[in-house]
Amino acid sequence: MADAVKAQGGRGQGREAGPGRGSYSLAFRKSARQFANLLPMLAGVVLLIGLFNTFVSREVLASVFSGDPALDTLRGAGFGSILAGNPINSYIIGGELLKDGVSLYAVTALIVTWVTVGLVQLPAEIAALGRRFGLVRNGLCFALSIPIAILTVLILTLGGGFLR
Amino acid sequence: MNAGAAQRHNERRQPRRVFLFPTIVLAVYGILLAAAPDKALVALESSGRVLRNVALPLGLVFAVMLVLNLFVKPAQITRFVGRRAGIKGIMLSAGAGIISAGPIYVWYPLLKELREKGAGASPIAVFLYSRAVKPFLLPIMIAYFGWQYVVVLTALTVLGAVALGYSVGLLVKDQRG
């Protein structure tokens, strides 16, 4: 609290014992209002994830990859950007795709974008952090997933390790 | 229009915008209920499971917001994760992102508040990207892909977070800090 007062240029000196009951009530109401403002968006995101979980199965995903590493990397990044949910799902799907012969480039791009890009959550991100921030951040994360996937596989290949 | 007036203007417009997206999703559910009620119910059940999974992280985020509103002032936010916070701010954001739990969207209310209190776009981008490193899930990832893969990908993800933070800092203007 003392730091907070100092940071505000010394205002409130002599009243540094900590927040009173009124402050707690005010902070609670403020937090609740800030939280409630984004709840409709979060509800929309949760409902949309339910739709994706129902309609995009592992089989559907596997059928999309063609065997061309460059195109598959882009497709992997694309699917990772669209799909949402627990990252464990991306490991499971990635593992299955590897078994099906999909390249590690594509699987890595999918794993990276699964957590870093969120098209499903984009409306909520824009509402919270602004349109420019949401679009720039997601676009850059998508673009960044490609060199990360390529570098990961190259380093592993040069290091003489890994699966394929 | 000054910053305060702009914020009030945005807050007045926000209710309409905030309800647009969930209304569209609900409309899709409405159409699905009429066309394929079984699938619609499966999707609703899946949403219910997602909601149960995010309830705890949401509660945690609310608690952090409460603590921030009680004890942390905008000047402190600006000092630690503001535009000019430098490498310390980036490290702090990356560490917070790595240990943060739950889906990305439960963190939006807190990040919005931090942004309004002066946090820079760059540290927020670093936080969101660093969430790709999941310490608790690393053993599962190692089981699927091997430890060499996990070490290389984790290191590149952290470097990627820093590169992203720098790029977002260049492309997205901060209002203050």
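Nearest the centre of the second largest pocket lie Ala84(A), Gly85(A), Asn86(A), Pro87(A) and Asn89(A), among 41 lining residues. This is a predicted model, where local features need pLDDT of at least 70 and side-chain atom pairs pLDDT 80 or more, while totals for chains, interfaces and linings use all residues. Residues are numbered from 1 along each chain as its sequence is written, and chains are lettered from A in the order in which they are written.

**The pocket**
- A pocket here is an open set of points on a 1 Å grid over the protein atoms alone, where a 1.4 Å probe fits, with protein on both sides within 12 Å along at least five of seven lines; lining residues have an atom within 4 Å of a point.
- Its volume, the space filled by probe spheres set on the points, is about 940 Å³.
- With 7 residues, α2(B) supplies the largest share of the lining; helices are DSSP runs (H or I, at least four residues).
- The lining divides into 25 nonpolar, 12 polar and 4 charged residues.

**The interface between chains B and A**
- Contact (heavy atoms within 4.5 Å) takes in 65 residues from chain B and 67 residues from chain A.
- About 6,200 Å² is buried between the chains, 79% of it from carbon and sulfur atoms; this is the accessible area (1.4 Å probe) lost on putting the two parts together, summed over both.
- On the side of chain B that touches chain A, α2(B) gives the most, with 16 residues.
- By class, that side of chain B has 46 nonpolar, 9 polar and 10 charged residues.

Methods. Heavy atoms only, no water. Helix = DSSP H or I, 4+ residues; strand = E, 2+ residues; numbered from the N terminus. Nonpolar A, V, L, I, M, F, W, Y, C, P; charged D, E, K, R; others polar.
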